[in-house]
Amino acid sequence: MSNPFVRIVEPLDPKQPLKKFFNLSKLEDGRYARLPFSIRVLLEAAIRNCDEFLVKKVDVENILNWKVMQYKNVEVPFKPARVILQDFTGVPAVVDFAAMRDAVKKLGGDPEKINPICPADLVIDHSIQVDFNRQSDSLQKNQDLEFERNKERFEFLKWGSRAFKNLRIIPPGSGIIHQVNLEYLARVVMDQDGYYYPDSVVGTDSHTTMIDGLGVLGWGVGGIEAEAVMLGQPISMVLPEVVGYKLLGNPQPLVTSTDIVLTITKHLRQVGVVGKFVEFFGPGVAQLSIADRATIANMCPEYGATAAYFPVDDISIGYLTQTGRDKEKVMCTKRYLEAVGMLRDFKNSSQDPDFTQIVELDLHTVVPCCSGPKRPQDKVAVSDMKKDFETCLGAKQGFKGFQIAPDRHNSIAKFNFEGHDFELAHGSVVIAAITSCTNTSNPSVMLGAGLLAKKAVEAGLTVKPYVKTSLSPGSGVVTYYLRESGVMPYLSQLGFDVVGYGCMTCIGNSGPLPESVVEAITQGDLVAVGVLSGNRNFEGRVHPNTRANYLASPPLVIAYAIAGTVRIDFEKEPLGINASGKKIFLKDIWPTRNEIQAVERQFVIPGMFKEVYQKIETVNKAWNALDAPSDKLYTWNPKSTYIKSPPFFDGLTLALQTPKTIEDAYVLLSFGDSVTTDHISPAGNIARNSPAARYLTSRGLTPREFNSYGSRRGNDAVMARGTFANIRLVNKFIDKQGPQTMHFPSGEILDVFDAAERYKQAGHPLIVLAGKEYGAGSSRDWAAKGPFLLGVKAVLAESYERIHRSNLVGMGVIPLQYLPGEDAATLGLTGRERYTIIIPEELKPQMNVQIKLDTGKTFHAIMRFDTDVELTYFHNGGILNYMIRKMAS
């Protein structure tokens, strides 16, 4: 079929042969020019791949009529140009691929058909932990320990890079996936197979959206969905609403990009953008650097949108040059975007497209702020931090409360550290981490932190030695310009040595606190604090001993580390008193925007990016020395506790099994609102009294060898036992936090895994009840795989975060949603009933299904299979089963 939207045009680069590209901007009726730029990228990708769509051809007319048709469930087959993975989600993806090859072979197909079709880059960034800090050799020690712990995983990934075409591994120690994508991997415009077309990407990490700041449309998906994309499946999605976010004005001199994104996060959570695109426009965008935009786009999952898109403009083109991209390719990129009407001028309001909703922010109204103590959207102005924290101390247990008795608000715990006596109180800072690509990708805040450190040291300020300080940049470029600009020695003097190139504290790889500190926190029952320049601060994520965690800009991380507490009013109270007895206030050492920009212009240069990235795949000697097999089928080691063939495809046949009604299911867990994927499948430490720990102990491992849940995602036996294992889990069946539930047939309180095993042995199906925003947070597919292995057949929630709903669909778990205006309370559900979910023979997207209780009550819920393609996956028992049958036949 010839495509009427393909145009043959004059070559954009005289040195290159004639290229083809779509040029819908030439359509005479002008509808294309009214589309949001993010929808234009979707449309370009859909038309380019329409011949391969599973269900039907692309309805171009309806997409062009976006403003009219958006509520009519128009399906778009979006096939992204690239896939990116990190190792925590990449290992299970490669495990699935290896197991799928085995399954295809058993069904008589060619196992090598299981192979990535589109380019896939896997960046190893989630494994390294802050085991060592405040030492000149912390970086090397942490990297050595990372290899010691993860050698088997790394060998497996190296096998994958050899066994599968189009899979490139970026070795450990290179940086954080999203920063590497921004600075190196992103193309902005693809030049491939005789076509020019917009770059687009999906990734197995929710913060893939960071690349939207450069004008590359991208978002996070679960590993299950990413695997299908890698095998050639488009993502079938309902054409989204697009909220236009208009930025006006200029930021105040003391405001950072972190303050802006925390303000936007709170604002958009209040607006409600789950399942929608957000597209930024207005003259204020032109005031933001690409690093600023990337920071805002990075936290898209925290405000709940699918994508947070900044169209490409001249500042984007300049960033490509600044980061050392090939000059001729950069010029060709600009010419292509001009030719198809996709180069944006944010100061030109005549280019503003139609949006379903417009909200505004005057950047001048943004003030320095943090977010916490338990959620990214709970913004607190720095001027209100002291008062807000003290209010949280006494407030009822919840997102903004710790329920500490009033007579204990000023409790003190004394301890000794390295021969000196110290005191901890509620609000004492015990972790201060400059971490996460959210902020370390931005030279302005990193150099701002460095200049603040310089002024602090020169003023005689220090950080108490027990505070766990760390600096984990998102790429080697950061270390390069911090060193060249002369601020690194001052950061080191305050304890912020480089401890590794990876996610580290941001994902909970914060390592141990000193034992005496832990004892003081425990004995005093203190609300100790972590302050980090990350993007998430959910309960139990950063560290088990920091009940309060605040997101802050890198300069503020250092400020709170020096102060040693969040119970400080920086405007009225000094950061500290130096050896001369002089009081030093934060305003005395805070660098101005002009100071920072002058240093950035001088030291952040293209040569740095070229030098770092030209050797990125070969610089790690330990990785180079790894030996891995080159067989096309993986030889599973039955003794391995890291890599195990999963049971997902056991008994799979070519014939489809008709979905059956779920009869008399017990409720495994009953939740309230905002249950995150960290609650469902934690990434951090494996508690010594947990089912996973008991399993590893039975395999001969000692606690120091347990590693983390994130590192063991290649082993389903560990991950099933780690499902719902978060120590901060709040289950309505239990009167305290913890990973336990009621086993109703016996009346016993058991660990969640043990209860699920009993139900499974008795042949009882399970469901989960939940409130709003179920599955918020990380894109981890194990938050769906784990419940599936526990025997959970369906989840009934008030609303879902987008990625987690897709992951449930991918595993064949039914996402059910209460009808509007209904919830467990209005329906009188206790969770102690048994549920029969009627599955009709004829299924339609978003249809209502009947649920019968053993009490005689009946109600209806929405079955959240949103597209025909998702129903196809459900009939196959999940995406991967569908792909195996497709490849085998």
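Asp 199 is buried, with a relative accessible area of 1%, where buried means under 20% relative accessible area, exposed over 50% and partly exposed in between, found with a 1.4 Å probe on protein chains only. The model is a predicted one, in which local features need pLDDT of at least 70 and side-chain atom pairs count only at pLDDT 80 or more, while totals for chains, interfaces and linings use all residues. Residues are numbered from 1 along each chain as its sequence is written, and side-chain values use heavy atoms, with hydrogens and water left out.

Leaving aside residues up to four places away in sequence, Asp 199 touches several others, among them Val 41, Ala 81, Val 188 and Leu 217, where contact means heavy atoms within 4.5 Å.

The view can now widen to the domains. The assignment, which is automatic or taken from a database, gives domain 1 (6–78), domain 2 (82–365), domain 3 (369–604) and domain 4 (662–888). The C-alpha centres of domain 1 and domain 2 lie 21 Å apart, and 38 residues of domain 1 are in contact with 39 residues of domain 2.

The area buried between domain 1 and domain 2 is about 3,800 Å², of which carbon and sulfur atoms give 63%; buried area is the accessible area (1.4 Å probe) that two parts lose on being put together, summed over both. Leu 12, Phe 37 and Phe 78 supply 22% of the area that domain 1 buries against domain 2, more than any other three residues.

Polar links also join these two domains, with 6 residue pairs in polar contact, both residues at pLDDT 80 or more. The largest share of the side of domain 1 that touches domain 2 comes from α2, with 8 residues.

Technical notes
Polar contact = N/O pair within 3.5 Å; in protein donor to acceptor, adjacent residues only side chain to side chain. Helix = DSSP H or I, 4+ residues; strand = E, 2+ residues; numbered from the N terminus.
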